[in-house]
Amino acid sequence: MLKLKRIAIDTHRESIAYLSRACSHYRADEFQALGKIEIRAAGGSCLLATLNIVDDPALLQGDELGLSEEAFRVFGIAAGSSVRIAHPRPVDSLEALRRKIEGHELSDAEYAAVIGDIAASRYSKMEVAAFLVGCAGFMTVEEVLRLTRAMANVGRRLDWGGRLVVDKHCIGGIPGNRTSMIVVPLAMAHGLTIPKTSSRAITSPAGTADTMEVLARVDIGTDEMRAIVDRIGGCLVWGGRVNLSPADDVMITVERPLGIDTREQMVASILSKKLTAGSRHLVLDLPMGPSAKLRSQADAVRLRKLFEYVGGAIGLSLDIRITDGSQPIGRGIGPVLEARDVMAVLRNEATAPADLRERALLLAGALIEADAAVKGGQGIRRARELLESGAALRAMERLIEAQGASAGIPAPSSTCREVFAPASGVVSGIDCLRIARVARMAGAPAFKHAGVDLLRKIGEPVRQGEPLYRIHAGLDADLGFAAELAQQDNGYHINGTAGRENAP
């Protein structure tokens, strides 16, 4: 038996075990480094983890087995407990994985086997990556449906009884597009049930969960989430805690850093989570623009049709909106700056970003029309009434209180500098990807008060030497990195021409 030791390393959703090469109970060389081992506790609990071999006795003694923070969270066994280790059983679904890599179409049973093994952590990250690349190379429409069902069938599924449960989702790619934080309280204010789960950022400057965390606690488990929704009609929590589509959570940690974001995997990922969350009516936002995920109307229509086919087959009612993705939404990019914009809209402040307000009203209106009592075309009018009357703000305040309020919106970082226009003219384009990279380089979302504050949007005039945006950084070093990136290319097009920054 080995004693468990907590190794304070954040391995980001991957369970890692550490074994001393001088282990007194097992020969370390009989276990493959970076391979899987099975960890068994006395009570019958079992964990699959990726093994690392340790040579430093100061880190790990010969009678100890180290576990990363993520492994401890998943295993649920206290430090100091006695465990055994063993070689894991063979993974039968690897044959299906090899068939997918070779370009074959997989059956329902094969997808179920692969997804079940991924959710159970039986695949290494290399094997998960191989599956994702295989699917990216070839996948039929029927396979997308099979993958969606397989992902939905693994993990917990919520049932809200006979209530009309609605949801809203955006495919992402547009900085500052925090409409969910306005749509959710608008839907709640109308009396709809909206158990909204959202993601944290992996490669972007903020996810909805990162921004909502500025206002309230989002690290909430399934039982507490259900209690909140039963009490106030909605929630806005981090999806990583509610275990609705665990295989998708694993795959996302691999596909995002690799830049794998195929339409087929996107559809399966989104719809499987909505199905397991108990949603029956979903409004989908598909932004289209020169630096968005969808670059043309044809791309947007193809994706819309794929969503409609799979959503219809699994019993989801979809309302899909192709929206303007030509530039960032709102002014702030980064958790604190985005939370500021959201609350400005909900408070009906005169300086609130009009594009964020109107986009949220459009999507909330589409959700409200799921209510049979609301006539077609009247949803946006109802949403505007709820916003202007303060009902949406009061719903957000109830939501914040129910989830556990944060200390308040902190100020953006005072470690900042402005990026200036290299020429006079009219802003004709903003590169969403470039601006997002600058914000992330500045420290967002790790530093919630870091990011980019846009001072000019498309169609607005600017004179040479005037500021285009302000970078707020977490550290002096972050400010240097972000400023250097902006100096190479500030992401703005003035009169159709991109240029380097020139200081006044």
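Me: What volume does the largest cavity have?
Reply: The largest cavity holds about 40 Å³. A cavity is a set of points, on a 1 Å grid over the protein atoms alone, where a 1.4 Å probe fits but cannot get out. Points join across faces, edges and corners, and the volume is the space filled by probe spheres set on them. One thing to keep in mind: this is a predicted model, so local features need pLDDT of at least 70, side-chain atom pairs count only at pLDDT 80 or more, and totals for chains, interfaces and linings use all residues. Residues are numbered from 1 along each chain as its sequence is written, and side-chain values use heavy atoms, with hydrogens and water left out.

Me: How many cavities of 30 Å³ or more are there?
Reply: The count comes to 2.

Me: Which residues line the largest cavity?
Reply: Lining residues have an atom within 4 Å of a point. Here, look for Leu132, Leu147, Met151, Asp248, Met251, Glu255, Gln265 and Ser269. Sorted by class, that lining has 4 nonpolar, 2 polar and 2 charged residues. (Ala, Val, Leu, Ile, Met, Phe, Trp, Tyr, Cys and Pro count as nonpolar, Asp, Glu, Lys and Arg as charged, and the others, Gly among them, as polar.)

Me: Which helix gives the most to the lining of the largest cavity?
Reply: That's α9, with 3 residues. At least two lining residues come from each of α5 (141–152), α9 (246–258) and α10 (263–276). (Helices, H or I over at least four residues, and strands, E over at least two, are DSSP runs numbered from the N terminus.)

Me: What about the second largest cavity, which residues line it?
Reply: Around the second largest cavity you'll find Thr197, Gly239, Val242, Leu244, Ser245, Asp249 and Lys273. About 30 Å³ of space lies inside the second largest cavity. Its lining has 2 nonpolar, 3 polar and 2 charged residues.

Me: Where does a pocket come in? Which residues lie nearest the centre of the second largest pocket?
Reply: A pocket is an open set with protein on both sides within 12 Å along at least five of seven lines. For the second largest pocket, Leu48, Ile118, Ala120, Ser121 and Arg122 lie nearest the centre, out of 37 lining residues. Two or more of those lining residues come from each of β3 (36–41), β4 (46–54), α1 (69–75), α3 (108–119), α4 (125–137) and α9. The second largest pocket has about 720 Å³ of space, and its lining divides into 17 nonpolar, 8 polar and 12 charged residues.

Me: Where is serine 121 in the chain?
Reply: Serine 121 sits in the loop between α3 and α4. Check its backbone too: phi is near 65°, a positive value in a residue other than glycine.

Me: Which peptide bond is cis?
Reply: Go to the bond from alanine 444 to proline 445, where omega is near 5° and the bond is cis. Proline 445 belongs to the loop between α16 (432–441) and β15 (451–454).

Me: At what angle do α9 and α10 cross?
Reply: Two packed helices are described by the angle between their axes and the distance between the axes. The axes are lines fitted to C-alpha atoms over the stretch in contact, with angles from 0 to 180 degrees between N-to-C directions. The α9 and α10 axes cross at roughly 145° and come within 11 Å. Asp248, Asp249, Ile252 and Glu255 of α9 meet Gln265, Ser269 and Lys273 of α10, where contact means heavy atoms within 4.5 Å. This α9 and α10 contact divides into 1 nonpolar, 2 polar and 4 charged residues.

Me: And at what angle do α10 and α11 cross?
Reply: α11 covers residues 297–313, and its axis crosses that of α10 at roughly 40°, coming within 10 Å. The two are therefore oblique to each other. (Under 35 degrees is roughly parallel, over 145 roughly antiparallel, 65 to 115 roughly perpendicular, and the rest oblique.) On the α10 side the contact uses Arg263, Glu264, Met266, Val267, Ile270 and Leu271, and on the α11 side Leu303, Leu306, Phe307, Val310 and Gly311. By class, the contact of α10 with α11 has 8 nonpolar, 1 polar and 2 charged residues.

Me: Which residues meet between α3 and α5?
Reply: The α3 and α5 axes come within 9 Å and cross at roughly 45°, so α3 and α5 are oblique to each other. Asp108, Tyr111, Ala112 and Ile115 of α3 meet Glu143, Arg146, Leu147, Ala150 and Met151 of α5. That contact of α3 with α5 has 6 nonpolar, no polar and 3 charged residues.
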